[in-house]
Amino acid sequence: MPSLKDLKTRIGSVKSTQKITKAMQMVAAAKLRRAEEAARAGRPYAERIETVLANLAAGLTPGAPGPKLLTGTGDDKVHLLVVATAERGLCGGFNSSIVRLAREHIIKLQGEGKTVKLFMVGKKGDEQLKRLYGDLVVERLYFTDVKSVGFDQAAQVSNRLLEMYEAGEFDRAHVFFGAYESVISQVPTALQVIPAEPPKGADADQGDKPPYEYEPGEEEILESLLPRYVAVQVFRALLENAASEQGARMSAMDNATRNAGDMIDKLNLQYNRARQAQITTELVEIIAGAESV
Amino acid sequence: MSQFAFSLVSPERELFSGDVDAVLVPGSEGLFEVRAGHAPLMATLSPGMLEVHRGGTVQKTFVRGGFADVSPNGLTILAEKAVAEAELKGDVVADEKALAQKTLGDSAADPDAQLDAQRALGTLENF
């Protein structure tokens, strides 16, 4: 049976923990709003570039050798998994669920006899995968001191990806990230970025309208467009990831705050019981003393 | 003068969207102007000033890298970087200049990139 003083200190410490989780929840909520806005602001560009790419890809003669970024290397041996996670913990199962999905893919691909390489974006995922698959990691990129992800970060990732692709270091690349659905639901997702897959049905915009003129040629445009498309895909993944992270942290901290509240209630009850018991014993002792006189 | 829909988007946000009279676009093959009813055209951009004419006013924006997409529905500029003239000062200009200088140094073998970098420096000189 803990003493009254012990209980009091415990209540105090749980209360201050609750204050911290509450503050973290509110910070996450504010950051989430900003991250959501950023994700929304980036959407027009992504949509337009998808339409443009779909138009161009549809215009290519089928079967003709197109740019490597669109058609692939013709091989399917080496897979690069870009695992994008958060830089910080305390966000529920956010990082773990992305890592789990990546791990499932690694096991499946290795079972098929393919070579797997890892490109870790974000510290937390790296820490989790390091133990099992440390030797597969070919590249690491942390954005620890970046306040909010911008296109520059995405360009950094995609430039590195393109360099490696040019050097023939892999045949296919997937990005793993948490797709943001709502505050309570973030779905770990794998998105193929290389070779680029233009979305189906996005070319409804022009249909059989007059043909485009290209300045400079069609191929040059496609060549400068594809790397940008890859960058945009990576950017989208990073933005969604940022929103998901804050959403996950917000609900995790909300839970923690609630749990701390429950705990305080329980401890308070215990404290009051103990206090009453003490008063009762004191009274009994006084009465017993008075009687014996 | 008839107007047409124009939107200027960068990866981070949509900078402009609305009806305009004419837009002067710094294409990589030369400056061109888009007005209502322009034939469908897809062009790459070179660094420079984009001029948007709208009801007698001119709005200037520095753009670097990207595409101009003229479709029957209007003109869309997808710019890698877009900075309004009013915001073009201090660090932003310094960063862009540094980038252009770097391209100039790195791309000795690529005349197109050289030209682009020189254009960027030329445009930024006045800021």
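Modeller: Helix axes here are lines fitted to C-alpha atoms over the stretch in contact, and angles run from 0 to 180 degrees between N-to-C directions. The model is predicted.

Biologist: Are helix H1 and helix H2 of chain B roughly parallel or roughly antiparallel to each other?

Modeller: Helix H1 (residues 91-106) and helix H2 (residues 111-124) of chain B pack with their axes 8 Å apart, at an angle of about 155 degrees. Angles over 145 degrees count as roughly antiparallel. H1(B) and H2(B) are therefore roughly antiparallel.

Biologist: Is the crossing of H1(B) and H2(B) left-handed or right-handed?

Modeller: H1(B) contributes B:Val93, B:Glu96, B:Lys97, B:Ala100, B:Thr103 and B:Leu104 to the contact, and among the residues from H2(B) are B:Ala113, B:Ala117 and B:Leu121. The residues of this contact comprise eight nonpolar, two polar and two charged. As for its hand, the crossing of H1(B) and H2(B) is left-handed.

Biologist: Which strands of chain B each supply at least two residues of the side of domain 1 that touches domain 2?

Modeller: Chain B is split into domain 1 (4-85) and domain 2 (87-124), and their C-alpha centres lie 20 Å apart. Nine residues of domain 1 and eight residues of domain 2 form the contact. The domain 1 side holds five nonpolar, two polar and two charged residues. The strands supplying at least two residues each to that side are E6 (48-54), E7 (57-71) and E8 (74-84).

Biologist: Which elements of chain A each supply at least two residues of the side that touches chain B?

Modeller: The contact between the chains takes 23 residues from chain A and 21 residues from chain B. By class, the chain A side has 14 nonpolar, four polar and five charged residues. The elements with at least two residues each on that side are helix H2 (43-59), strand E6 (213-215) and helix H7 (218-292).

Biologist: What is the bridge partner of A:Glu215 in E5(B)?

Modeller: Strand E6(A) and strand E5 of chain B (residues 41-44) run parallel and are joined by three bridges. In E5(B), the partner of A:Glu215 is B:Ala43.

Biologist: What is omega for the cis peptide bond that joins A:Ile194 and A:Pro195?

Modeller: Most peptide bonds are trans. A:Pro195 is in the loop between strand E5 (186-194) and E6 of chain A. For the cis bond joining A:Ile194 to A:Pro195, omega is about -5 degrees.

Biologist: Where does A:Leu90 lie?

Modeller: Most residues other than glycine have a negative phi. A:Leu90 is not a glycine, yet its phi is positive, about 55 degrees. A:Leu90 lies in the loop between strand E1 (78-84) and helix H4 (94-111) of chain A.

Note on methods:
Residues are numbered from 1 along each chain as its sequence is written. Chains are lettered from A and ligands numbered from 1 in the order in which they are written. This is a predicted model: local features need pLDDT of at least 70, side-chain atom pairs count only at pLDDT 80 or more; totals for chains, interfaces and linings use all residues. Two residues are in contact if their C-beta atoms, placed from the backbone, lie within 7 Å. Helices (H or I, at least four residues) and strands (E, at least two) are DSSP runs, numbered from the N terminus. Ala, Val, Leu, Ile, Met, Phe, Trp, Tyr, Cys and Pro count as nonpolar, Asp, Glu, Lys and Arg as charged, and the others, Gly among them, as polar. Two strands pair if DSSP finds at least two bridges between them. Domain bounds come from an automatic or database domain assignment. Angles under 35 degrees count as roughly parallel, over 145 as roughly antiparallel, 65 to 115 as roughly perpendicular and the rest as oblique. A crossing is left-handed if the near helix is turned anticlockwise from the far one by less than a right angle, and right-handed if clockwise.
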